[in-house]
Protein chains: 2
Amino acid sequence: MQTRRMVILTEGQLGTFSSKTAASLVRYKSDETVAVLDSVHAGKRLEDVLEVGTGIPIVATLQEAMAFEPTSLVIGIATPGGVLPDAWREVIHEAIEHGLEVVNGLHTFLNEDEAFARHAGRKGVRLWDVRQPPGDLDIGRHRVHGLPNLRVLTVGADSSIGKKIAAIEIDRAAREAGWDSEFVATGQTGIMIAGSGIAVDTVAADYISGAAERLVLEHKHRELLVIEGQGTILHPSYSGVSLGLLHGAAPQALVLCHQPGRDVMRNLPVAVPSYTELITAHESIARPLFPCRVVAVSLNCFGMSMDDARREVDRVEGETGLPATDCVKFGCGPIVEALAPLKPGTRNTS
Amino acid sequence: MQTRRMVILTEGQLGTFSSKTAASLVRYKSDETVAVLDSVHAGKRLEDVLEVGTGIPIVATLQEAMAFEPTSLVIGIATPGGVLPDAWREVIHEAIEHGLEVVNGLHTFLNEDEAFARHAGRKGVRLWDVRQPPGDLDIGRHRVHGLPNLRVLTVGADSSIGKKIAAIEIDRAAREAGWDSEFVATGQTGIMIAGSGIAVDTVAADYISGAAERLVLEHKHRELLVIEGQGTILHPSYSGVSLGLLHGAAPQALVLCHQPGRDVMRNLPVAVPSYTELITAHESIARPLFPCRVVAVSLNCFGMSMDDARREVDRVEGETGLPATDCVKFGCGPIVEALAPLKPGTRNTS
């Protein structure tokens with residue numbers, strides 16, 4: 001199979017927060033990223049803008065990017081409401097004309113746009129609408145809680161708090177520690193990184209846990225599944241998705257993700273619950289259905305000094321009695337260690 | 001506005017459980033039901049089959065039903081997967097030809113069927129796909145928790161346990177007790193009875209709480225909203241929908257619905273949690289966002305003698321310390337009494 005060679009479109013919005021999809025792809029798929037397409041930032045060094053991506057060029061036009069022999073154009077920005085801006089239509093058609101796959105995480109599906117669909121059909125290229133759910137989903141049927149593999153779900157105090165990155169980092173650290181592990185993606189950027197997955201916030205409400213169950217069943221041969229969490233079960237906008245994912249994936253272990261200093265929820269005047277409240281809420285809503293506990297805390301100390309981050313990690317360990325770390329700053333060692341006693345095959349003999 | 005005069009289609013499946021939608025409509029909209037269309041049961045007395053609906057004829061053909069001057073044909077049965085059986089197409093076309101509105105609670109939408117849509121357009125009749133969500137839904141934004149009205153949500157130990165009927169009965173009893181009350185429907189049969197609502201299990205997962213919030217905002221001028229619950233937050237198939245509804249509707253009071261003897265969840269080998277577990281789970285998952293408590297228990301003692309039901313009501317009152325009743329057998333008085341201290345305007349002065 002041909003390796004994907006991505007051009008990431010961020011047109012004018014390149015940045016750690018303004019182009020979160022692009023930033024994550026560059027962080028975790030730098031070997032597959034051949035260029036960033038952004039006429040405003042063209043010519044700058046990518047690592048100066050994103051802190052990652054050394055050596056990857058920022059170009060002003062798709063024509064320039066073609067010199068790097070890409071296979072895919074990836075839309076690397078989220079838009080308000082997930083709508084496709086008219087200004088991007090031209091570059092998408094240009095990519096199709098060049099035979100590139102187009103990878104799209106917006107709510108607007110390219111396959112449902114007649115002009116794109118016809119053009120892609122004629123050129124024989126794939127339009128990958130990452131958020132398009134499978135057409136044959138069903139309700140969850142509680143079929144995975146008895147599987148012998150270890151399922152870890154990252155859960156959070158809020159949305160956009162580091163659940164995806166924690167899941168990816170835990171998966172990597174677990175592999176390095178010898179686990180047969182896999183990252184299971186449940187959101188658009190995670191799916192682009194993993195190459196597969198289901199955007200659980202897009203499925204019909206009745207099918208949330210069914211979608212999670214299917215993802216687990218698809219990867220059930222793995223010893224460890226590290227599943228990307230969504231939202232939080234205590235966020236008034238997203239709690240349904242979070243709980244459906246929790247009950248559908250039936251994880252034995254949860255890793256609680258938090259950002260020190262985040263006291264109020266994103267976009268809402270609602271206080272972020274305490275660590276204790278979050279741990280109790282997750283464990284007690286799972287317990288009647290399957291045994292499940294929070295085994296570690298993953299902190300997102302972005303913007304803090306190493307010293308301040310270390311102090312915060314120590315403080316949270318003291319408050320919760322659980323191992324804590326910042327997976328990016330200090331690695332995921334403590335989390336993988338916390339999972340060791342749950343390793344399939346060791347549980348019955350320990 | 002013309003009063004609806006319904007013919008309810010149950011073709012061969014008429015019964016309290018086999019045609020649940022029909023049974024609920026006959027129970028709560030008998031004044032609007034002019035006939036039941038069921039060639040297998042035609043000629044029988046409806047009350048002998050359903051226990052309700054005295055005097056409503058069962059007819060074998062739509063032609064016969066037309067003598068009762070109906071305005072609507074209502075599909076009164078759920079099918080596996082919510083799919084429309086081919087055998088029903090003819091009677092639906094016949095109803096359209098007669099100028100009848102067609103009311104459909106299946107997952108298959110009549111408006112998306114070209115032949116039905118064209119025929120209905122030509123005759124100027126409405127095809128009401130009850131489960132079709134509004135096209136302009138959004139995420140929940142925690143906008144209703146501060147409203148001064150009282151919001152009561154019926155929650156349950158399992159699906160199909162009496163949440164809809166409890167909500168309708170509480171609304172009725174509250175009106176009789178002088179409340180300015182309204183029943184808010186969240187499922188297909190409830191919507192047919194109320195005449196409006198949103199089937200929250202059909203919306204995109206991200207919009208569950210937004211749909212609930214919209215329903216509350218639409219009726220915010222009422223003193224009391226009695227909101228139909230869905231599934232249970234401890235059912236592995238439906239928990240996401242239940243929690244999104246709870247957090248979106250932001251009720252101050254919950255009525256816990258149960259069926260004595262139901263020890264295992266419907267369609268799944270999962271134990272039904274205890275009353276205490278259910279009460280704790282609901283209250284603790286709401287508390288970080290808004291004050292909310294279970295104020296009463298509604299028991300569905302269908303099939304039990306009056307004596308056995310009374311004993312069970314007493315037993316549950318003892319176990320939970322909450323007022324309990326069977327709304328159908330004994331009325332909803334104890335529940336409405338439990339709501340009295342929460343009546344808007346009295347809360348601050350009591």
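Mentor: Buried means under 20% relative accessible area, exposed over 50% and partly exposed in between, with a 1.4 Å probe and protein chains only. Helices (H or I, at least four residues) and strands (E, at least two) are DSSP runs, numbered from the N terminus. This is a predicted model, in which local features need pLDDT of at least 70, side-chain atom pairs count only at pLDDT 80 or more, and totals for chains, interfaces and linings use all residues. Residues are numbered from 1 along each chain as its sequence is written, chains are lettered from A and ligands numbered from 1 in the order in which they are written, and side-chain values use heavy atoms, with hydrogens and water left out.

Trainee: In what order do the six strands of the open sheet in chain B follow one another?
Mentor: Two strands pair if DSSP finds at least two bridges between them. Four bridges join S7 (residues 150–156) to S9(B), and four join S8 (residues 181–184) to S9(B). The edge strands, each pairing on one side only, are S8 and S12 (324–325) of chain B. The pairing is parallel, and the order is S8-S9-S7-S10-S11-S12.

Trainee: Which residue stands opposite B:Phe183 in S9(B)?
Mentor: On S9(B), B:Ile227 has B:Leu153 opposite it. The residue opposite B:Phe183 is B:Val226.

Trainee: Why is helix H8 of chain A described as largely enclosed?
Mentor: Its cover includes S7, S8, S9 and H9 of chain A together with H8 and H9 of chain B, where contact means heavy atoms within 4.5 Å. Among the buried residues are A:Ile208, A:Leu215 and A:Val216. Helix H8 (residues 208–218) is largely enclosed by the rest of the structure because the buried residues number eight of the 11.

Trainee: By what turn can chain B be laid on chain A?
Mentor: Copies are superposed by least squares on the C-alpha atoms of residues with pLDDT of at least 70 in both. The RMSD is 0.1 Å and the shift along the axis 0.0 Å, with a turn of 180°. That is the relation of a two-fold axis, so the turn asked for is 180°.
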